[in-house]
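Me: I have a structure to read and would like to go through it in questions and answers. Please keep the terms plain.

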Amino acid sequence: MTQAGRQSSPRNSSGRNSSGRNEAKGGAGRTNAGGFSGRGGSAGAGKRNFTQGEGRPFKAPKPREAAPFDPDNPTTAGDFDRGQAARPAKPFRKPGSNKPGFGKAPGTPGALKPKAKPARQYGSKAFGSERFGQNLGPIRKPGRNRGPRQEVPQSDLHDVDGVRLQKVMAQAGVASRRVCEEMILEGRVEVDGVVTTELGMRVDPTAAVIHVDGIRIQLDETLVYMVFNKPKGVVSTMEDPEGRPCISDFLKNNKNKGERLFHVGRLDVATEGLLLLTNDGELANRLTHPSYEVPKTYLVQVRGPFPQGVGAKLKNGVELEDGVAAVDSFRLVDSTPGHVLIEVVLHSGKNRIVRRMFDAVGFPVERLVRVKVGPIGLGDQRQGSIRNLGRQEVGHLLASVGL
């Protein structure tokens, strides 16, 4: 091949030709059709130039196609954006639809039991800073006193010469004054049995009856409420002519030792446990009156084994010398060789009622402890000690007898 043929061959024209090398050395550089500069040029050696080329107009990239949105399948748009194929949406299934009885009308055989609606939760709790009374559960009121709450105008309850309602509540230890105002606006406060939702109301602290979340606020600071964990061998009286240990012996170091107190109910000498002390005569009368049916919880220790059927007999009622008596509930707590511990709840206040009932079924009581009266329990209170009830405990106790 001649020298001219070699110079015009495709290999030489596309690759190493003398003219290309000379242009690179000369620094003028070469620009291809795409607008990228080749090697050459001292300023931009080794770098690409993204400027628009001379012979070809610049075209902006096409925008990605927007995914169609299907209202019946909202997941398709997101799948298109991620470059995935559209997936069919999962069919919606109601919780519990796979359970037997789902869809049946309530009350029919095999139908699911309706779930109880949870109690309304508030941001702040009345008497929330107190140590005692935090776990007393919902307010229990006598059935005959239940009824819908009423809403009346503020003017019907307003006392011009009284004290602002939120101030009375704050002084009673409910919460701060700001929180008490929120409670009033939320409709959680009752004055004399009716709901008030307006700020600025004034009440007479000596005469008004105020409830917050159903809890009665005791505004009379002269009234005392205490719990005594009575030991065995102590007589349930304030004074004993025979010189036996009595309740007043345990009040000597108490700050309320000068108060004239009543003991609510009685415990015999051999029985231990909870005894309420107060100077509130109305509360004491209601707690002991059978019409209010205040429940009392006892722990009973008897000799074992304890056969089946005896608990049902106690619940159905046993015949005593003064009539038929029955327990409200019966539960086996613990069993050890030769001994059984049982929890019973009853509302009867008859003398030695628990001992007489267990004697009637053939299991004499070895040890008897009362651990709860209404909503008030002993907890971990030391035997022989006396403590004052918290305001929340007092409110639950008053509500249990309709006060």
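This is a predicted model: local features need pLDDT of at least 70, side-chain atom pairs count only at pLDDT 80 or more; totals for chains, interfaces and linings use all residues.

Me: Is Arg286 buried or exposed?
Reply: Arg286 sits in helix α7, residues 281-288; helices (H or I, at least four residues) and strands (E, at least two) are DSSP runs, numbered from the N terminus. Buried means under 20% relative accessible area, exposed over 50%, and partly exposed in between, with a 1.4 Å probe and protein chains only. The relative accessibility of Arg286 is 18%, so Arg286 counts as buried.

Me: Which residues is Arg286 in contact with, leaving aside its neighbours within four places in sequence?
Reply: Contact means heavy atoms within 4.5 Å. With those neighbours set aside, the contacts of Arg286 are Tyr292, Val294, Val401, Gly402 and Leu403.

Me: How many residues of helix α10 are buried?
Reply: Helix α10 covers residues 391-400 and is mostly covered. Its buried residues, among them His396 and Leu397, pack against β7 (215-217), β8, β10 (272-278), α7, β17 (376-377) and β18 (386-388). The number of buried residues in α10 is nine of ten.

Me: Which residue follows α10 and has a positive phi?
Reply: Most residues other than glycine have a negative phi. The residue after α10 has a phi near 80 degrees, and it is Gly402.

Me: In which sense do strands β14 and β15 pair?
Reply: Two strands pair if DSSP finds at least two bridges between them. Ser335 stands opposite Val340 in β15, and β14 and β15 form a hairpin with two residues between them, where Gly338 in the turn has a positive phi of about 90 degrees. Over seven bridges, β14 (residues 329-336) and β15 (residues 339-346) pair in a sense that is antiparallel.

Me: How many aromatic pairs does a search of the whole structure find?
Reply: Rings of Phe, Tyr and Trp (its six-membered ring) pair if their centres lie within 6.5 Å; planes under 30 degrees apart count as stacked, over 60 as edge-to-face and the rest as tilted. Over the whole structure, the number of aromatic pairs found is three.

Me: How are the rings of Phe228 and Phe250 arranged?
Reply: The ring centres of Phe228 and Phe250 are 5.0 Å apart and their planes are at 45 degrees, so the pair is tilted. The pair links distant parts of the chain, 22 residues apart: Phe228 is in strand β8 (residues 225-230), and Phe250 is in the loop between β8 and β9 (262-264). Phe228 is buried at 0% relative accessible area, whereas Phe250 at 27% is partly exposed. The arrangement of the two rings is tilted.

Me: Which residues are linked into a cluster by ring pairs?
Reply: The rings of Phe306 and Phe330 have centres 5.8 Å apart and planes at 25 degrees, so this pair is stacked. Phe306 is buried at 16% relative accessible area, while Phe330 is partly exposed at 22%. The cluster linked by ring pairs is Phe306, Phe330 and Phe363.

Me: Which element gives the largest share of the lining of the largest cavity?
Reply: On a 1 Å grid over the protein atoms alone, a cavity is a set of points where a 1.4 Å probe fits but cannot get out, and lining residues have an atom within 4 Å of a point. Grid points are joined across faces, edges and corners, and a volume is the space filled by probe spheres set on the points; for the largest cavity this is about 30 Å³. The residues lining the largest cavity include Tyr225, Leu276 and Leu397. The largest share, three residues, comes from β10.

Me: Which peptide bond is cis?
Reply: Most peptide bonds are trans. Pro305 lies in the loop between β11 and α8. With omega near 0 degrees, the cis bond is the one from Gly304 to Pro305.

Technical notes. Residues are numbered from 1 along each chain as its sequence is written. Side-chain values use heavy atoms; hydrogens and water are left out. On a 1 Å grid over the protein atoms alone, a cavity is a set of points where a 1.4 Å probe fits but cannot get out, and a pocket is an open set with protein on both sides within 12 Å along at least five of seven lines; lining residues have an atom within 4 Å of a point.
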